[in-house]
Amino acid sequence: MTNKWRPATQLVHGGTLRSQYGETSEAIFLTQGFVYDTSEAAEARFKGETDGFIYARYGSPTNDMFEKRMCMLEGAEDARATASGMAAVTAAILCQLKAGDHIVAARALFGSCRWVVETLAPKYGIECTLIDGRFLENWEKAITPKTKVFFLESPTNPTLEVVDIAGVARLANQVGAKVVVDNVFATPLFQKPLELGAHIVVYSATKHIDGQGRCLGGVVLSDKEWINENLHDYFRHTGPAMSPFNAWTLLKGIETLPLRVRQQTESASKIADFLADQKQVAKVIYPGRKDHPQADIIARQMTGGSTLVCFELKGGKEAAFKLQNALEIVRISNNLGDSKSLITHPATTTHKNLTDEARAELGISAGTVRLSAGIEDTEDLIEDFARALSKAGV
């Protein structure tokens, strides 16, 4: 029956394992190792002749439940849960590459993601070309005989640009490259990269999946063959495994994911419309609005808008700081996807390590602000912005 369940049901019941005690909530198997009945049983387990767990760095019952539930939601065959979102990104990229290989990546990336492909990978002899990922011809032009990975996030952080995932996947398949998609901003509810042709999907589970500011986590999802041939040994020997306690916390968070994302998206959409009418705001970027520059692609590959809003204030950094400081409900934080509404100034936080030129290329100005809508009352949030705009005098 599980394959026929809709997402909200899958996220409550999918992949559940119960001990002999028949607990309602998933159990936390907070253990490092596992006991075997006999020496022969241990040998068979290590040979892979029998199923079961060996060591918590490789997997545990709690992590297994989280991975299976994410697979059901994403439509993936297999997954590995990692200690953080960046552990997931790094593992997904590096596990399949060697010196001499080439990455093509959209330049609009979260700062740490960009560091992995632009700074870390070249240290190991892996070349990287950053492009404006909005245009398919740029992906095609960047391909070399050594290109093995295409990497992108869509919508992007923080300017909510959108990349044509199906188009990129077609190009990748022509040259035998793999497409890795960071799907955090869309959430697995609004966008299915694997259905669009991508090969690997990564999440920072810290964001919407936990969604309550409690713990770190990440996950890499793909088909069994790719995970067995590329990720399995990397994961096993380098140790980016998720804590079973965090896996349990994420299992609790994922149960309410559809409820939270629905409310967050409704608020984000209405706040975007409100801000677009304010004289202090130069522009608003939101995937649910008709004036989004890539509304046609959004209509093809997304089933909802976003919990994030990007907007630019006319008064630059000074105006952005005044607005953020004047807000009473919305809190200043660089996290996102939380039940609490959060706001940040990318130029001085998440993207501060980029050069001025690099930020300008991405459309991040001194007045750019990123809002992550929470689950508070929508009207309270709009009133908070109206009050802050007036109080700050921006």
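Which residues line the second largest cavity? The lining consists of A56, Y58, G59, N63, E67, A81, F235 and A241. The model is predicted, so local features need pLDDT of at least 70 and side-chain atom pairs count only at pLDDT 80 or more, while totals for chains, interfaces and linings use all residues. Residues are numbered from 1 along each chain as its sequence is written, and side-chain values use heavy atoms, with hydrogens and water left out.

Rolling a probe the size of a water molecule over the atoms shows where empty space is left. On a 1 Å grid over the protein atoms alone, a cavity is a set of points where a 1.4 Å probe fits but cannot get out; a pocket is an open set with protein on both sides within 12 Å along at least five of seven lines; and lining residues have an atom within 4 Å of a point. Grid points are joined across faces, edges and corners, and a volume is the space filled by probe spheres set on the points.

Across the whole structure, the search finds two cavities of 30 Å³ or more. The second largest cavity holds about 30 Å³, and its lining comprises five nonpolar residues, two polar and one charged. In this classification Ala, Val, Leu, Ile, Met, Phe, Trp, Tyr, Cys and Pro are nonpolar, Asp, Glu, Lys and Arg are charged, and the others, Gly among them, are polar.

F235, one of the residues lining that cavity, belongs to helix 10; helices (H or I, at least four residues) and strands (E, at least two) are DSSP runs, numbered from the N terminus. F235 has a relative accessible area of 4%, and is therefore buried (under 20%; exposed is over 50% and partly exposed lies in between, with a 1.4 Å probe and protein chains only). Leaving aside residues up to four places away in sequence, F235 is in contact with R57, Y58, R80, A81, T82, P240 and A241, where contact means heavy atoms within 4.5 Å. The C-alpha atom of F235 is also 9.9 Å from that of A87, although the two residues are 148 apart along the chain.

The largest cavity contains about 40 Å³ of space. Its lining is formed by V184, T187, P188, Y203, S204, K207, H208 and I209. Helix 8 (187–190), strand 6 and helix 9 each give two or more of these residues, and helix 9 gives the most, with three.

Turning to the open spaces, the largest pocket has a volume of about 750 Å³. Its lining numbers 25 residues, of which G52, F53, Y58, R80 and H232 are the closest to the centre. Helix 2 (39–47), helix 3, strand 1 (78–82) and helix 10 (224–238) each contribute at least two residues. By class, the lining has eleven charged, eight nonpolar and six polar residues.

With a relative accessible area of 16%, D64 is buried; residues up to four places away in sequence aside, D64 touches L17 and F53.

Two further helices illustrate how helix ends and buried faces are arranged. In helix 7 (residues 165–175), the buried residues are I165, G167, V168, A169, L171 and A172. Their cover includes helix 6 (136–142), strand 4 (147–153), strand 5 (178–182) and helix 13 (295–301). D164 caps the N-terminal end of helix 7, with a side-chain oxygen 3.4 Å from the backbone nitrogen of A166; a polar contact is a pair of N or O atoms within 3.5 Å, and within protein one must be able to donate a hydrogen and the other to accept it, with residues adjacent in sequence counting only if both atoms are side-chain atoms. After helix 7 comes G176, with a positive phi near 75 degrees.

Helix 11 has twelve residues (244–255) and should span 16 Å at 1.5 Å a residue, which agrees with the 17 Å between its end C-alpha atoms; the expected span is 1.5 Å times one less than the number of residues. At its start, a side-chain oxygen of S243 comes to within 3.1 Å of the backbone nitrogen of F245. The buried residues of helix 11 are P244, N246, A247, T249, L250, L251, G253 and I254, and what covers them includes helix 1 (7–13), helix 3 (61–74), helix 9 (206–210) and helix 12 (257–276).
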